[in-house]
Amino acid sequence: MGRNLRFWLASPFAAPFDPGDAPLALGALLLRASRTDHAGLFAEPATFEAVLALCYDLTAREASEMREACERVEAVAPDCASFAEILQRAVGLSDRQRFALSLHQVLLAAGPSQDPQLEALSKLFLGAHSATNPAPLRAG
């Protein structure tokens, strides 16, 4: 997982984006943001894995494996701003909203001290203000 995405990142405008790579791409972007602009946001891998598990309905083991794949992609990804811009063009808004909603839920559960970071991360993923009303994770 992630091999095609890593090749796509080397030349994102030369080939179409595979929508199946969206979860891994968004996870890699979140890792990049947490290691640069939002250093220390995920001091514990379990917090990042909780976002993945919530968003994609994964078990703890699956989330851990996905985190490792995201780390491999993040290692070859461009700088955070460029990466976010590329993904905002390639990944559908509904996928980005779903990811942002999961991120909000996990960080808000961690406490209100994350509020400024939530706003910045919303802009990173959605390209919009956090007041954007994200779609629900699942239909009722």
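Q: Why is Glu85 called partly exposed?
A: Glu85 has a relative accessible area of 42%. Buried means under 20%, exposed means over 50%, and partly exposed is what lies in between (1.4 Å probe, protein chains only). Glu85 therefore gets the label partly exposed.

Q: What kind of model do these values come from?
A: This is a predicted model, where local features need pLDDT of at least 70 and side-chain atom pairs count only at pLDDT 80 or more, while totals for chains, interfaces and linings use all residues. Residues are numbered from 1 along each chain as its sequence is written, and side-chain values use heavy atoms, with hydrogens and water left out.

Q: What makes Arg89 and Glu85 a salt bridge?
A: Their side chains meet at 2.6 Å, N to O. The rule asks for a side-chain nitrogen of Lys or Arg within 4 Å of a carboxyl oxygen of Asp or Glu, so the pair qualifies. Both residues lie in helix H5, four residues apart, about one turn of the helix. As for Arg89, its relative accessibility is 57%, so it counts as exposed.

Q: Where do Arg61 and Glu65 lie?
A: Both are in helix H4, four residues apart, or about one turn of the helix. Arg61 is exposed at 64%, and Glu65 counts as partly exposed at 42%. An α-helix has 3.6 residues a turn, so residues three or four places apart point the same way.

Q: Which parts of the chain does the pair of Arg32 and Glu74 link?
A: Distant ones: Arg32 sits in helix H2 and Glu74 in helix H4, 42 residues apart. The two form a salt bridge, its closest N and O atoms being 2.7 Å apart. Arg32 has a relative accessible area of 10%, so it is buried. Glu74, at 8%, counts as buried as well.

Q: Which residues are linked with Arg32 in a network of salt bridges?
A: The network joins Arg32 with Arg35, Glu49, Arg67, Glu71 and Glu74. In total, the chain has seven salt bridges. Arg35 has an accessible area of 44%, so it is partly exposed. Leaving aside its neighbours within four places in sequence, Arg35 is in contact (heavy atoms within 4.5 Å) with Glu71 and Glu74.

Q: How do you know that H2 is largely enclosed?
A: Twelve of its 14 residues are buried, so the rest of the structure largely encloses it. Those buried residues include Leu24, Leu26, Leu29 and Arg32.

Q: Why does the span of H2 agree with 1.5 Å a residue?
A: The expected span is 1.5 Å times one less than the number of residues. For the 14 residues of H2 that should be 20 Å, and the end C-alpha atoms are 20 Å apart, so the two agree. Helix H3 (residues 45–56) reaches 16 Å, close to the 16 Å expected for its twelve residues.

Q: What makes Trp8 and Phe17 an edge-to-face pair?
A: Rings of Phe, Tyr and Trp (its six-membered ring) pair if their centres lie within 6.5 Å; planes under 30 degrees apart are stacked, over 60 edge-to-face, and the rest tilted. The rings of Trp8 and Phe17 have centres 4.8 Å apart and planes at 65°, so edge-to-face it is. Trp8 and Phe17 are both buried.

Q: Why is the pair of Tyr56 and Phe99 tilted?
A: The angle between the planes is 40°, with 6.3 Å centre to centre. Tyr56 lies in helix H3 and Phe99 in helix H6, so the pair ties together parts 43 residues apart in sequence. Tyr56, at 18% relative accessibility, counts as buried; Phe99, at 0%, does too.

Q: Which residues have the most contacts inside the largest nonpolar core?
A: They are Leu5, Phe17, Leu87 and Phe99, in a core of 35 residues. Such a core is a set of buried Ala, Val, Leu, Ile, Met, Phe, Trp, Tyr and Cys residues joined through side-chain atoms within 4.5 Å. H2 gives the most to this core, with nine residues. Beyond its neighbours within four places in sequence, Leu87 is in contact with residues including Trp8, Phe17 and Leu29.

How values were computed
Helix = DSSP H or I, 4+ residues; strand = E, 2+ residues; numbered from the N terminus.
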